[in-house]
Amino acid sequence: MKYEAVIGLEIHSELKTTTKIFCGCKTAFGAEQNTQVCPVCLGLPGVLPTINKKVVEFAVKAGLATNCTINKYSKFDRKNYYYPDLPKNWQTSQYDLPIAEHGHVDIEVNGEKKTVRLTRIHMEEDAGKLVHSGNTIKDSAAGSFVDYNRTGVPLIEIVSEPDMHSAAEARAYMEKIKAILEYIDVSNCRMEEGNLRADINVSLRPVGSDKLGTRTEMKNINSFKALEDAINYEIERQQEVLEDGGKIIQETRTFDPERGVTLSMRSKENADDYRYMPEPDLPPIVMTDEEIESYRRELPELPDAACLRLQNELGLSAYDAGVLTASRQTAQYFDAVLKTGADAKLAANWIMSDLAKNLNAAEITIDQSPVDAKRLGEMILLISKGTISSKIGKKVFAEMWDGNTDSAEKIVADKGWVQITDTGAIEQIVKEVIAKNEKAVADYKNGNKKAIGALVGQVMKASQGKANPQTVNELLTKLL
Amino acid sequence: MKITKDDLANVAYLSRLALDDGEEENYIKDLNDIVAYVDKLSELDTDNIMPTTYALATENVFREDEVRPSLTQEEALSTAPDKENGYFKVPQVLAE
Ligand SMILES: [Zn+2]
């Protein structure tokens, strides 16, 4: 039997507020343990939490940017469970009246467009961090240590419908959510810090069936690679179980990125077991159409719109536009390069080839690039004006990448890399090359037109790459 | 709806309460009285009444995103039954 995977994601994103969701403690990452805590986030008796207005604003913006309906009446609820990272024994979250519902985002995989629906977006608080005395929970007989700095850091949980059917689609969806959250500037989305993490639900069903199979859940996936690996492993595992006549058990599984496998953790508690109840300490959030619209007006251009603009106004291919707008940093860098007056297609090529290659090799992001957008743009302008060839452009780029902080123009002048367009000077070199390469000349004259390539190469070499290749070609053809 | 011994055991487990053997019958009776009371309320016609989600007439109580002083690590840990190296120390967390 052929099976189809059905995948849904719950993405947790930490919001980039200065303070926590219900108290004035800082949210900064990396502080010494238990120094960003107060009676409210420690869950001491008798305290009164107060909602951080910025959290509501960010959640509403996330809802608007993902085409959700904003609920004009929204409230918090208590989700009860016992775990030492949760000092109150409940997580303050939203249950039946979340801030936003019924959204959708578009993704593209292998040139095919798809829409993924969002069930809801709700606000909640993060839990603390457990440090185990052993390697795992189970071998930590000496106990565990808790740091409550992260307790109360604001999160939004973005719940998708089970609309995805492959690891690639799930990845494209999560990349789109990440891009949107970056563009609207509500989350840092640093996956390695746990800013953005996903719980994945995967089930299989026979192709053609519209009934959902039993699903398993994998929690806290915080890299795109782990997301794809976990889904692919789980699809394969479930398929084997089903083909052997077995049944999938509804359970939470943990993904071990080192071994690339998922392992059973515990069977899923029923939703009812959380005994949700309205949070009596937090009054409801009531919003008017005007407020919602004013948040909508504050939204910047979103990734899909930016991608279309690059295609329609600048004539870039859908692929190039997609790559350049996939992250806010890249889109801003590209826009800054264009501000220098550089040609859009050349700028796209340089960013996607030389710059991307160097960034990947150095494992840094584009906003950390030693070659800033302005200097790259000015270098591209020099190529467009014919001051340097693109070959010399690569040398200028390498020079800037390796720490030369001068402008492209100064580097070119200092190094004497200005392209020779003086026909007389090039003609001299061409004549010398023709004289020295009798065989290639003879081949060319005998009808082997390709032989001219070797001669062009010789001229370029003799000119140290500075001769204008087009002029060289013209002169060679003429003089031969 | 009738509360059974199993329901009681489940609710007690979810609340991490240990019940003595002799207490069970009393709790089952109390819980059944509560359920009966709610059943009585359910007789009212509430079709055209918005559900109450918050008992007071307040809404939109917010604070600005401004830092307020936190406790020191020492203060935070001062009431902890067990601590080590600036952390709250808890007994082994068992996976269920
Ligand atoms: Zn606090």
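**Entry 1. Asn89 of chain A**

I began with A:Asn89 and found the residue partly exposed, at a relative accessible area of 32%. I am working from a predicted model. I then placed A:Asn89 in chain A: it lies in the loop between β5 (77-80) and β6 (90-93). Next I read its backbone. Phi of A:Asn89 is near 70 degrees, which is positive, and the residue is not a glycine. I noted this because most residues other than glycine have a negative phi.

**Entry 2. Asn60 of chain B**

I turned to chain B. I located B:Asn60 in the loop between α2 (24-42) and β1 (62-63) of chain B. Is B:Asn60 buried or partly exposed? I found partly exposed, with a relative accessibility of 28%.

**Entry 3. Domains of chain A**

I went back to chain A for its domains. The assignment gives domain 1 (3-293), domain 2 (301-410) and domain 3 (423-479). I looked at domains 1 and 2 of chain A as a pair. Their centres, taken over C-alpha atoms, are 35 Å apart. In the contact I count nine residues from domain 1 of chain A and eleven residues from domain 2 of chain A.

**Entry 4. Area between domains 1 and 2**

Domain 1 and domain 2 of chain A bury about 810 Å² between them. Carbon and sulfur atoms carry 56% of that area. Which residues of domain 1 of chain A lose the most area to domain 2 of chain A? They are A:Lys176, A:Glu182 and A:Tyr183, and together they make up 66% of what that side buries.

**Entry 5. Polar links across the interface**

I checked charged pairs. The rule finds two salt bridges across the interface of domain 1 and domain 2 of chain A. I also looked at the salt bridge of A:Asp185 with A:Arg328, where the closest N and O atoms are 3.4 Å apart. Between domain 1 and domain 2 of chain A I count three residue pairs in polar contact.

I then asked which element gives the most to the side of domain 1 of chain A that touches domain 2 of chain A. It is helix α2 (residues 167-183) of chain A, with five residues. By class, the residues of that side are five nonpolar, no polar and four charged.

Definitions and conventions
Residues are numbered from 1 along each chain as its sequence is written. Chains are lettered from A and ligands numbered from 1 in the order in which they are written. This is a predicted model: local features need pLDDT of at least 70, side-chain atom pairs count only at pLDDT 80 or more; totals for chains, interfaces and linings use all residues. Side-chain values use heavy atoms; hydrogens and water are left out. Domain bounds come from an automatic or database domain assignment. Contact means heavy atoms within 4.5 Å. Buried area is the accessible area (1.4 Å probe) that two parts lose on being put together, summed over both. A salt bridge is a side-chain nitrogen of Lys or Arg within 4 Å of a carboxyl oxygen of Asp or Glu. A polar contact is a pair of N or O atoms within 3.5 Å; within protein, one must be able to donate a hydrogen and the other to accept it, and residues adjacent in sequence count only if both atoms are side-chain atoms. Helices (H or I, at least four residues) and strands (E, at least two) are DSSP runs, numbered from the N terminus. Ala, Val, Leu, Ile, Met, Phe, Trp, Tyr, Cys and Pro count as nonpolar, Asp, Glu, Lys and Arg as charged, and the others, Gly among them, as polar. Buried means under 20% relative accessible area, exposed over 50%, partly exposed in between (1.4 Å probe, protein chains only).
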